[in-house]
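Subject: A structure for you to explore

Hi there,

Here is the structure I promised to pass on to you. Please open it beside this email and find the residues as you read.

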Amino acid sequence: MGKAKETDRRALSPCLTRRLAGLLLAGTVLAAPAAMAQEKASVTPTFQNPLAVTGTAATDGAADTASSGTKALPDLTTTASTPGDPAIAAEDETVPAEIGEDGAYLSTSRRTERLNPRETNLDHVSSKFGDPYEPTGIRLGTFVLKPSISQGIGYEKTKSGDTSSSRTFSQTGLKGTLTSDWSRHQLTVEGEGTYQRNISGTGETEPKVDINADLRLDLSDDTIADITGGYNFERESSSDPNAVNGASVQSGVHTFSAGAKVKRDFGLIRGTLGAALEREVYGAAELGNGAELDLSDRNNTEGTLTGRVGFELSPALIPYLEASVGRSYYDNKQDSLGYERSASTLGGRAGVEVDLGEKLRGDLGLGYKRATFDDSRLAALEGVTVDGAVFWSPQRGTDLRLGLVTNLQPSTAAGQSGYLEYIATADLTHELRDNLVARLSGAYTWRDFSASAGLPDQDVYLAGAGLTWNVTRWLAMTGDVSYELTRQAGASDTGVTRAGIGLVLRR
């Protein structure tokens with residue numbers, strides 16, 4: 001009996017062994033995909049900060065050029081129009097312009113980066129065709145060209161007191177970005193032009209040309225240099241305090257700029273030294289009776305030297321100190337009213353850079369600036385300066401950008417030094433769908449005339465909204481509306497309403 005039981009156990013043993021082996025093999029097969037997925041996830045590169053510098057010299061939020069700080073803040077309503085203009089979109093229309101330390105435009109690689117972009121798949125491999133609405137560009141040797149042409153119709157109504165005027169106009173725009181694809185260094189050239197023609201009504205057209213080039217030189221792992229140059233043309237706004245009263249066509253302003261900047265990291269210390277040169281040339285203004293008023297006495301050249309030192313308390317927090325010195329020279333020692341307006345400028349500020357990853361990044365500085373004129377009859381133009389920019393993406397597809405800029409603006413009136421200009425902007429973009437982007441924008445400008453006796457301060461408000469519909473990778477439609485209100489004690493309020501629609505072809 002005992003022998004029979006032992007024989008049964010021996011007979012069952014191979015059967016049990018085979019079953020156990022089969023279960024083990026099945027479990028291994030079922031577990032393999034999960035293990036492989038876990039392994040791939042563990043080696044997927046960490047999601048990078050989309051605001052990190054790509055193809056620019058700056059790693060601390062500095063602007064591409066060291067400027068004197070006398071530039072007006074670029075419009076954040078659209079990258080393709082002047083403040084308040086109906087947007088005739090360009091290829092990166094859905095991405096609002098960014099500002100640097102001095103309110104100047106950042107380079108294309110910085111401006112067109114989206115906050116908090118969509119993540120790739122688990123293997124960190126993008127689709128074969130990438131973003132279906134992103135233009136691919138045209139390869140020219142070691143460069144990539146991304147051109148676009150836009151055509152739109154706009155309407156503008158201006159009301160000042162009991163007087164009002166309106167116009168309907170056609171607007172044509174050309175834009176292009178040429179970027180090198182080198183293993184080291186990078187050259188970026190941006191060009192944009194806008195032409196307007198009135199179809200009906202009366203009002204000044206607003207032509208614009210803007211060309212900028214930036215050559216980044218990677219001298220070493222810790223040292224980067226930037227060489228920049230640019231040209232800009234635009235017509236002086238009739239609402240500008242320095243505009244000619246009663247002129248039917250305001251002066252066209254040509255601006256030539258050049259700069260160089262070197263940035264180096266010394267461990268936890270970051271140092272930047274930059275020099276900028278800018279020349280402004282003013283054309284004649286056309287008066288109501290057809291005569292021309294020569295404004296060449298406003299032609300000037302300005303040079304600025306800026307130094308900056310920052311200390312990295314942590315990768316997310318870098319306080320800094322900055323100082324600048326500048327000198328402006330006018331072609332004519334005295335203007336048409338007999339005043340010597342060449343000036344020397346000194347400025348300094350303290351601030352902090354914050355980088356909290358893909359969601360939040362910013363730079364805010366508080367300082368003081370003073371311009372002393374060669375003519376002793378003109379009081380010094382000075383005041384507290386507040387400059388900075390904050391970029392926040394609360395969720396993927398939604399970007400909020402806030403900007404603060406302070407400018408010293410010399411005057412052209414007899415006995416007046418000028419005014420301080422404080423500009424605050426807010427721009428919100430939200431992807432309603434993959435191919436539909438909504439925009440909301442607002443701006444407030446305060447012009448402080450305390451340095452010019454007897455002149456009241458001026459307030460300018462701007463609000464706008466718009467939509468961009470990317471029909472295909474090569475075609476987009478835009479629509480925008482905005483309202484601008486200018487208020488000054490002792491003068492009638494001036495309101496400007498603008499609206500426009502347009503088509504954009506891009507490659």
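Below are the things I found, with each term explained when it comes up.

This is a predicted model, in which local features need pLDDT of at least 70, side-chain atom pairs count only at pLDDT 80 or more, and totals for chains, interfaces and linings use all residues. Residues are numbered from 1 along each chain as its sequence is written, and side-chain values use heavy atoms, with hydrogens and water left out.

Let's start with charges. Side chains of opposite charge can pair when their charged atoms come close. A salt bridge here is a side-chain nitrogen of Lys or Arg within 4 Å of a carboxyl oxygen of Asp or Glu, and the structure holds 22 of these salt bridges. One of them joins E156 and R498, at 2.9 Å from N to O. E156 sits in strand 2 (residues 143–160) and R498 in strand 22 (residues 494–506), so this pair ties together parts that are 342 residues apart in sequence. Strands are DSSP runs of E with at least two residues, numbered from the N terminus. Both E156 and R498 are buried; buried means under 20% relative accessible area, exposed over 50%, and partly exposed in between (1.4 Å probe, protein chains only). The two also belong to a network of salt bridges that links E156, R167, E206, E484 and R498.

E236 forms a salt bridge with R298, their closest N and O atoms being 3.0 Å apart. E236 is in the loop between strand 6 (223–235) and strand 7, and R298 in the loop between strand 11 and strand 12 (300–311), so the pair ties together parts 62 residues apart in sequence. D363 and R308 meet at 3.2 Å, N to O, with D363 in strand 15 (residues 360–373) and R308 in strand 12.

Next, which residue touches N242, R341, Q416, S417 and G418? That is S411, not counting residues up to four places away in sequence (touching means heavy atoms within 4.5 Å). S411 lies in the loop between strand 17 (398–410) and strand 18 (418–433) and is buried, with a relative accessible area of 10%.

Finally, look at H185, in the loop between strand 3 (163–180) and strand 4 (186–201). Its phi is near 70 degrees, a positive value in a residue other than glycine. H185 is partly exposed, at 25% relative accessible area.

Happy exploring!

Technical notes
Helices (H or I, at least four residues) and strands (E, at least two) are DSSP runs, numbered from the N terminus.
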